[in-house]
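User: I've got a model open and would like to talk through its architecture with you. Could you take me through it step by step?

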Amino acid sequence: MAPCHPTGRIPPGTPETLYTNYKMSLAQRVAANTLIQFIGRVVSTVTALVVVASLTRYLGVSAYGDYTTIFAYVSFFGVLADFGFFWIMLREISKEKANEAKIISNVLTLRTIFGILVFLIGFLIALLIPQYTETIKLGIGVIAFAWLWLALNSTFVGVFQRHLRMDQAVLTDLLGRVVILLGVLWVIANQGDLIDILWMYVFGNGLNFLASLVLGRNFVRVQPKFDLAFWSQIIREAWPMGIVLILHVVYFKIDTVMLSLMQSSVDVGIYGAPYKILEVLLTIPAMFLGNVFPTLTQYLASQDERLPRLYQQAFDVLALIAFPLILGTVILAQPILEFVAGAEYVTTSTITWLSLPATGATALQILIIAVGISFFSQFFNYLLIAMGRQRSLILPNLIFVILNVGLNFGMIPILSYIGASLTTVATELAVALLLGWIVWRAAKLRPAFCSLGKIVLSTLGMGVVTWWLREAPLALNLSASIITYGYLSILTGALPQNMLSLILKKKEV
């Protein structure tokens with residue numbers, strides 16, 4: 001059993017005062033970046049939900065199904081366009097004495113050329129799919145253009161992460177999202193069609209990239225670079241991660257594409273609304289782990305004895321968020337989905353589940369379990385990348401793809417979007433268990449579960465309040481539930497004092 005409170009020793013030859021100040025400074029900077037990202041994520045989530053609420057009501061279930069299909073299809077090629085370049089770049093620029101300008105300039109040039117080719121191929125393939133309407137095919141071409149901007153922008157996100165200045169990334173991201181929101185609302189006000197709406201993503205994402213390019217020059221000067229030897233090195237390092245990412249997006253997104261090919265647009269629309277909520281929530285662990293990743297990389301590279309403590313604290317933070325998120329959403333699935341997408345998505349169904357009509361709210365209750373599990377599978381995935389063991393992820397992800405596609409082939413014809421939801425949960429559980437085992441084998445890191453009992457107790461206490469107020473206005477229920485959970489977490493010790501010190505006093509964790 002791993003110790004409940006792993007600690008590290010001061011490195012030999014380091015003055016204790018300087019070492020303590022360094023740890024406090026690092027902890028404060030990570031905490032500040034996490035807080036900034038949290039605030040930015042709250043604002044961007046609100047804008048994303050307003051966009052979803054506007055589109056689901058304006059387009060209706062069937063047309064929103066087309067919208068969901070377009071984004072799901074393009075996401076496959078979006079991951080292929082990244083091909084693991086982001087994580088290899090972030091790992092390389094996080095190393096001491098790294099030539100940042102050379103790395104960033106070459107990666108940006110390489111990604112531009114590679115991205116254009118990949119998205120063009122994706123669009124041409126879509127033209128050959130007979131099940132897709134002309135609107136879907138044209139929409140795929142537009143969103144491929146929008147996604148290219150996102151792929152290029154992520155290069156500068158890596159720069160901001162490396163320098164712990166995620167406020168810059170948050171600012172540019174919010175700028176793009178606000179432009180998309182205003183553009184979507186303008187199109188709706190002028191009775192535009194789905195293609196008009198999709199063009200707003202091109203404008204918003206393009207502005208996001210341009211703003212990141214300007215702000216990124218404060219940290220590194222970029223220019224087109226064609227160092228073919230360096231490109232070859234980056235590709236050799238990135239291809240295992242690229243395959244892993246492609247396989248990951250296959251088992252994460254293939255359900256929507258298979259649903260669009262095997263069922264109606266209405267089924268895709270019912271599934272698409274709760275799935276959009278899932279995608280928003282999945283940014284929570286990514287936001288936190290993105291800030292921890294550079295430190296994890298450094299600790300692993302130097303075999304720093306603080307690594308077990310950082311590992312345990314990260315695991316506990318993820319558990320503190322995941323458990324109440326699951327229970328609260330299961331109880332409030334219907335009012336949450338109705339608030340986000342509209343009443344049509346909690347009344348429309350094409351199948352029954354447990355002798356009841358299966359609506360979008362039913363799918364959300366199942367999918368939220370996958371979200372909670374994915375908090376930990378993402379954590380293990382980040383750890384393996386930080387170790388430079390991306391090749392070890394290829395076989396597991398291939399297994400996950402085979403499992404997911406096989407289950408979807410069996411479940412979707414029978415249970416439609418409910419079958420896809422259940423498959424998502426089963427796949428995510430397999431991912432977390434197998435990747436956790438690989439991390440333990442590779443680095444002898446495994447979590448202690450000392451805090452889980454306190455977290456579960458706090459979550460159940462919150463669940464009582466959430467259930468009792470289930471008929472109350474959603475905002476009142478959520479506020480009361482969050483306050484209750486926070487109080488119980490402190491009371492039970494689920495939220496340790498050292499974490500409180502970091503949040504409230506900015507002291508070292």
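Analyst: Let me begin with a term: a residue is called buried when its relative accessible area is under 20%, and exposed when that area is over 50%. Bear in mind throughout that this is a predicted model.

User: OK, what share of the protein's residues is buried, then?

Analyst: Buried residues account for 56% of the 509 residues in the protein.

User: And how many helices and strands does the protein have?

Analyst: There are 15 helices and 2 strands. As for how the chain comes together, among contacts between residues at least 6 apart in sequence, 84% join residues at least 24 apart.

User: Which residues have the most contacts inside the largest nonpolar core?

Analyst: That core has 154 residues, and those with the most contacts inside it are Leu 55, Tyr 67, Leu 198, Tyr 201, Leu 337 and Phe 379. Its largest share, 18 residues, is supplied by helix α11, which spans residues 360-386. As background, nonpolar side chains tend to be buried together in soluble globular proteins.

User: What does Tyr 67 touch, ignoring its neighbours within four places in sequence?

Analyst: With those neighbours set aside, Tyr 67 is in contact with Leu 55, Leu 59, Leu 194, Leu 198 and Tyr 201.

User: Switching to helix packing: at roughly what angle do α10 and α14 cross?

Analyst: The axes of α10 (residues 307-341) and α14 (residues 474-492) cross at roughly 170° and come within 11 Å. Because angles over 145 degrees count as roughly antiparallel, α10 is roughly antiparallel to α14.

User: Which residues make that contact?

Analyst: From α10 the contributors are Leu 320, Pro 324, Leu 332, Pro 335, Ile 336 and Phe 339, while α14 brings Leu 474, Asn 477, Leu 478, Tyr 485 and Ser 489. Sorted by class, the contact has 9 nonpolar and 2 polar residues, with no charged ones.

User: Now the charged side chains, how many salt bridges are there?

Analyst: The count comes to 2 salt bridges. In one of them Arg 177 pairs with Asp 173, with the closest N and O atoms 2.9 Å apart, and both residues lie in helix α5 (residues 166-189), 4 residues apart, about one turn of the helix. Arg 177 is partly exposed at a relative accessible area of 27%, and Asp 173 is partly exposed as well, at 22%.

User: What about Glu 279, which residue does it form a salt bridge with?

Analyst: Glu 279 forms a salt bridge with Lys 276, the closest N and O atoms being 3.3 Å apart. Both sit in helix α8 (residues 265-281), 3 residues apart, about one turn of the helix.

User: Is Lys 276 buried or exposed?

Analyst: Lys 276 has a relative accessible area of 19%, and since buried means under 20%, Lys 276 counts as buried. Glu 279, at 21%, is partly exposed.

User: I also clicked on Leu 90. Where does it lie?

Analyst: Leu 90 lies in helix α2, residues 85-93, and is buried, with 0% relative accessibility. Leaving aside neighbours within four places in sequence, Leu 90 is in contact with Gly 158, Gln 161, Arg 162 and Phe 293. The C-alpha atoms of Leu 90 and Pro 294 are separated by 7.7 Å, although these residues are 204 apart along the chain.

User: Last topic, backbone angles: what is phi of Gln 191 near?

Analyst: Phi of Gln 191 is near 60°, a positive value in a residue other than glycine, whereas most residues other than glycine have a negative phi. Gln 191 is in the loop between α5 and α6 (194-216), and is exposed at 61% relative accessible area. Leu 354 likewise has a positive phi, near 55°; Leu 354 is placed in the loop between β1 (352-353) and β2 (356-357) and is exposed, with a relative accessible area of 65%.

How values were computed. Residues are numbered from 1 along each chain as its sequence is written. This is a predicted model: local features need pLDDT of at least 70, side-chain atom pairs count only at pLDDT 80 or more; totals for chains, interfaces and linings use all residues. Side-chain values use heavy atoms; hydrogens and water are left out. A salt bridge is a side-chain nitrogen of Lys or Arg within 4 Å of a carboxyl oxygen of Asp or Glu. Buried means under 20% relative accessible area, exposed over 50%, partly exposed in between (1.4 Å probe, protein chains only). A nonpolar core is a set of buried Ala, Val, Leu, Ile, Met, Phe, Trp, Tyr and Cys residues joined through side-chain atoms within 4.5 Å. Contact means heavy atoms within 4.5 Å. Axes are lines fitted to C-alpha atoms, for helices over the stretch in contact, and angles run from 0 to 180 degrees between N-to-C directions. Angles under 35 degrees count as roughly parallel, over 145 as roughly antiparallel, 65 to 115 as roughly perpendicular and the rest as oblique. Ala, Val, Leu, Ile, Met, Phe, Trp, Tyr, Cys and Pro count as nonpolar, Asp, Glu, Lys and Arg as charged, and the others, Gly among them, as polar.
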